[in-house]
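Please read it alongside the sequence and coordinates.

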Amino acid sequence: MLAVALVIYFVAMFCIGLSGEKQADSAEEFLLAGRRLPFSLATMTLLATWFGAGTLLTVTDEISAEGFSPALVDPVGAGLCLMLAGWWLARPLWMMKIITMSDFFSQRYGFAAEKISAVILVPSYFGWIATQFVALAQVLEILFHIPVAWGIPLVMLTGSGYTLLGGMRAVVLTDAVQLVIIVLGLVVLAIVAVQDVGMVATGAAWVNAVPQQADFATLMLSLDALAIGALGNLPAQELTQRMLCARSPGAAQAACFAAGLGYWMFGLVPVTLGLLAATVLPGVDRVLMGFAGKFLSGPLLVLFVLAVVSAVLSTIDSALLAPSGVIAQNLCPERFRQHYGTIFINRLCVGLVAISSLVLAFVGESAFGLLESAYSMTLVGMLVPLLGGLWFARPGALAAIASMTTGIGLWGWHQTMGWSEWMLEGWIAGHGIRLPATLSITAIAALVFVLVSWRYP
């Protein structure tokens with residue numbers, strides 16, 4: 001039953017991709033679905049993009065092992081990111097009629113800032129996409145005993161296939177179908193699991209997850225994690241892309257708010273299951289699939305597996321289209337697009353991003369680490385010039401370039417040295433000066449932006 005359902009599901013996704021192929025005849029059609037999405041579809045594609053392996057599988061496992069703290073990145077921080085995007089970004093970015101986030105840097109700061117922002121944006125997606133590849137490959141291993149080494153390329157080919165065909169229009173239509181399946185699967189599993197465990201035990205799991213006392217270091221790390229989730233994805237191309245797809249600035253703003261609220265609401269389900277795992281499924285590594293195997297059977301189990309597959313694929317197609325659009329529009333020379341055609345170049349870039357993410361998926365870093373790295377790069381490198389360019393009139397190109405290079409330079413140095421949590425961990429943290437690394441680097445980038453703006457407006 002499960003095998004048949006998956007075959008039908010994949011065929012349906014490719015049929016939707018084929019239906020959008022003929023309409024994808026320009027950059028705006030391929031990347032932004034012609035800027036004609038109503039509020040309902042814009043909300044659904046935003047929500048489906050956010051609901052991926054990071055929320056359903058990876059974060060659930062991390063919560064089971066470490067408690068509530070990983071939820072500060074996703075879903076708490078990620079949901080807040082959608083709300084902030086509606087408040088700060090949706091209207092002004094839509095009014096600029098840009099196609100990519102790097103187009104904003106081009107219009108606001110010029111050629112050099114555009115290229116630097118594109119170089120920051122594109123690699124930040126590889127870890128995010130690799131997270132989805134690994135997570136879904138692990139699901140296939142559980143269900144069909146397909147080795148992860150074979151499952152990862154299989155997932156890559158499936159997710160990139162219909163994205164190559166229909167572009168954003170195919171992605172939006174598949175997102176709508178996938179979101180319905182995700183919601184149904186989550187609601188069914190939540191109802192069955194909580195009924196079996198009991199409301200008292202579920203409430204106790206939430207109470208026990210909140211630490212009664214927390215020292216200064218724990219509070220700082222928690223704030224850092226929340227900032228990574230809430231602010232790190234604001235400059236992300238897949239968020240910008242979906243806001244720009246809406247048919248009006250009001251629809252874009254409303255879709256962000258609605259998607260943020262929906263993400264918080266449905267994100268509570270995997271968080272709750274992660275908190276219950278210690279008592280219900282002790283010693284189980286893949287929590288969500290363990291719950292499904294324990295409480296669901298027959299058609300309900302098939303529905304849940306389709307929900308997991310839908311969640312991952314909805315993120316894969318969006319994450320593939322985002323950096324490929326930046327490469328095609330902002331890094332590829334104009335003469336290439338004119339010679340080979342805009343659509344061919346965009347599709348070629350989708351394939352390049354998919355292959356690059358496939359390589360990263362085999363590197364071996366944990367899925368949650370890949371997810372966090374993707375958020376952190378855009379946070380330290382692009383958030384400050386993005387908000388500064390929207391809110392202030394005086395900053396010039398030099399301020400944006402200095403801020404971006406400072407943020408990415410310090411972040412890359414910390415990654416190279418293995419300083420993952422604290423600012424200058426090997427130097428000042430040992431003397432009792434503990435400052436969260438990501439927030440501190442972003443603050444330094446902001447200071448550089450302000451000082452250079454003041455000196456060279």
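A residue counts as buried when its relative accessible area is under 20%, as exposed when it is over 50%, and as partly exposed in between. By that rule, 58% of the 457 residues of the protein are buried. The model is predicted, and a search of the whole structure finds 5 salt bridges.

**Confidence**
- The mean pLDDT of the protein is 85, and 94% of the residues score at least 70.
- Among the elements, helix α6 (residues 101-109) has the highest mean pLDDT, 95, whereas helix α4 (residues 53-66) has the lowest, 77.

**Overall form**
- The protein has 19 helices and 0 strands.
- Taken along the principal axes, a box of roughly 65 × 60 × 40 Å holds the C-alpha atoms.
- Of the contacts with a separation of 6 or more, 83% are between residues 24 or more positions apart.

**Salt bridge network**
- Side chains of opposite charge can pair when their charged atoms come close.
- Arg 36 and Glu 29 form a salt bridge through their side chains, at 2.9 Å from N to O.
- Glu 29 is buried because its relative accessible area is 12%, under the 20% cut-off.
- Arg 36 has a relative accessibility of 47%, so this residue counts as partly exposed.
- A network of salt bridges links Glu 29, Arg 36 and Arg 169.

- Arg 337 pairs with Glu 334 in a salt bridge whose closest N and O atoms are 2.2 Å apart.
- Both residues lie in helix α15 (residues 334-340), where Arg 337 and Glu 334 are 3 residues apart, about one turn of the helix.
- Arg 337 has a relative accessible area of 12% and is therefore buried, whereas Glu 334, at 41%, is partly exposed.

**Salt bridge between Glu 114 and Lys 115**
- The closest N and O atoms of Glu 114 and Lys 115 are 3.9 Å apart in their salt bridge, and the cut-off for such a pair is 4 Å.
- Glu 114 is buried at 9% relative accessibility.
- Lys 115 reaches 23% relative accessibility, so this residue counts as partly exposed.

How values were computed:
Residues numbered from 1 in each chain as written. Predicted model: local features only at pLDDT ≥ 70, side-chain atom pairs only at ≥ 80, totals over all residues. Heavy atoms only, no water. Buried < 20%, exposed > 50% of the residue type's maximum accessible area, 1.4 Å probe, protein only. Helix = DSSP H or I, 4+ residues; strand = E, 2+ residues; numbered from the N terminus. pLDDT = per-residue confidence, 0-100. Contact = heavy atoms within 4.5 Å.
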